[in-house]
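Hello,

Here is the structure I promised to pass on. My notes follow below it.

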Amino acid sequence: MHTDEDHIFDLIVIGTGTAASTTAHECSSAGWKVAIIDSLSFGGTCALRGCDPKKVLVEAVKVVDSAQRHQNKGVLGSDKVHIKWSDLIRFKRTFTEPFPKHREEGYKKAGIVPFHGHAQFIGWNAIRVEGEEKGNNKNSIVLNGKKILVATGAKPVGLSIPGSANITTSDQFLEFEEDHLPNRILFVGGGYISFEFAHIAARAGAKVTILHRGKQPLEHFDPDLVNLLVQRSQDIGIDIHLQSAVEKIDKSSDGGSYAVHYSNGPVVSNNNNNDNSQNKTTKRIECDMVVHGAGRIPNVEGLDLAAAGIEHTMRGIKVNEYLQSVSNPSVYAAGDVAASGGLPLTPVATYEGRLVATNLVKGNVLKSNYSGLPSVVFAIPPLASVGMQEKEAKEAGFRFRIKYENTASWASSRRLGETCSGFKVLIEKDSDRILGAHILGPHAEEVINIFSMAIRLGLTAKELEDPLLYTYPTNSSDIVYML
Ligand SMILES: Cc1cc2nc3c(=O)[nH]c(=O)nc-3n(C[C@H](O)[C@H](O)[C@H](O)COP(=O)(O)OP(=O)(O)OC[C@H]3O[C@@H](n4cnc5c(N)ncnc54)[C@H](O)[C@@H]3O)c2cc1C
């Protein structure tokens, strides 16, 4: 196949999110000729449709929650503080709208060549970029890369139920720009996106329901702390139905509302042939918006990975510990699309983007290591976690002590009027190392970083206590009481 000299690159990067941009910039700084492609506006999920815009909404509804928590505690007018949704979305746009242009200018300044369009493999080192249609012609171009990075992120998992077309994605929820949110909002799935959006929507005045298939929502978080957060969620009016699998979504004839049908009862796992259908009941809930919070899957659709011999599974592109494709050595994968063992989170995308850049420029020298990776549910209050869960540590045979406490009576919660807080820390008996830390309460999303550092650097509980001087009075200064 003939390829124009201008279209031969040392590295082609598919995607312009966190992982893609990190690798592109680092390889370009090392003198590589780099191309970068995206089918959507440049910037990726975190900046445009994920973490960053969501946090703008969370911070606003925190003001409402804080005002309510301070009612009768010296703050007047708490009951008048409320959200005007359209203004909040307009404020959010001041972050998202300028972003694609800045990102593209950043690429150009760095000498990275940007392409807008859908990328698809047409050979082991060749990619076709299909641009926007112009008249009857599709603007199509072929690029050749000595190396290729796939960093195409993730997308909502398809729900194979009747009426699934009626569901609102997280992207659409973040773009909803009416004066008010719909009155009744139902979230399908009880993962972190559902909980975060449910907490936002409830504080913005909506009546919120979460339907979750399993016995425990927020499955990757500590069950004792999750129970406290569930209680707090219910206290602010969120209805949470567990063991409730959505089966059908009907739209009303006037198109203004939905009936969500779900089966309620123990969930049968795929390898369990027992028919327990007689234990289930079918129920329905009426609502005005149904939001997808049922999980995300690696975005490999339309890439034609087979054309480049790139193996993948449901977890994403199969990579070795250098994040190189196990079946095509010219190809690397990073971020949500890689089956790397890291969670689908922005810090992982950044870390993997850096790791791939080093391995490309210097040869495979760095292996991935996800120890001490923190994650947060930005509910109000937030729930944060790093390292091992109690069950996991027990199953792995560790000898450890646990410190678990409900901290609602501690001054750090009481002065904020917060009645929902707690922590659980696991410390290995022989080494005194932190195995896991789980925190629910004000500023948990910040305090968890100290535990993350301790786990990643192998610090002991004693070292977190003794030589360190924490600012006071802060939630970090509580750490010494958690050890
Ligand atoms: C609602 C929401 C909230 C989140 N909140 C948090 C949070 O608080 N903290 C956190 O750490 N993580 C959060 N995440 C997850 C985080 O956003 C992702 O882990 C991260 O953005 C992944 O980055 P990435 O570089 O792998 O891919 P992405 O940023 O998803 O970028 C992939 C890019 O590839 C492009 N692309 C895909 N296929 C093609 C193709 N064939 N051709 C051309 N371009 C293509 C896409 O258009 C996209 O721009 C959240 C996610 C969502 C959806």
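His443 is found in the loop between strand 24 (434–440) and helix 12 (444–457). Helices (H or I, at least four residues) and strands (E, at least two) are DSSP runs, numbered from the N terminus. Phi of His443 is near 65 degrees, a positive value in a residue other than glycine.

Before the rest, the ground rules. This is a predicted model, with residues numbered from 1 along each chain as its sequence is written. Local features need pLDDT of at least 70, side-chain atom pairs count only at pLDDT 80 or more, totals for chains, interfaces and linings use all residues, and side-chain values use heavy atoms, with hydrogens and water left out.

**Backbone**

Gln243 also has a positive phi, about 50 degrees, and is not a glycine. Gln243 sits in the loop between strand 10 and strand 11 (244–251). Most residues other than glycine have a negative phi, and most peptide bonds are trans. The bond from Ile380 to Pro381 is cis, with omega near 5 degrees. Pro381 lies in the loop between strand 20 (375–377) and strand 21 (383–387). Tyr472 and Pro473 are joined by a cis bond too, with omega about -5 degrees. Pro473 is in the loop between helix 13 (461–465) and helix 14 (479–482).

**Ligand**

Which residues come nearest to the ligand? They are Asp38, Thr45, Lys54, Ala119 and Asp336, out of 37 around it (a heavy atom within 4 Å). The shell divides into 17 nonpolar, 15 polar and five charged residues. Here Ala, Val, Leu, Ile, Met, Phe, Trp, Tyr, Cys and Pro count as nonpolar, Asp, Glu, Lys and Arg as charged, and the others, Gly among them, as polar. Helix 2 gives the largest share of the shell, four residues.

A polar side-chain atom of Tyr192 lies 3.1 Å from a ligand nitrogen. Ligand oxygen atoms are 3.2 Å from a polar backbone atom of Thr18 and 3.3 Å from one of Leu345. Taken alone, the ligand exposes 1,000 Å², and the protein buries 95% of that (Shrake-Rupley method, 1.4 Å probe).

Four bridges join strand 8 (residues 184–188) to strand 14. Ile185 stands opposite Met289 in strand 14.

Best regards

Terms used: Pairing = 2+ DSSP bridges. Polar contact = N/O pair within 3.5 Å; in protein donor to acceptor, adjacent residues only side chain to side chain.
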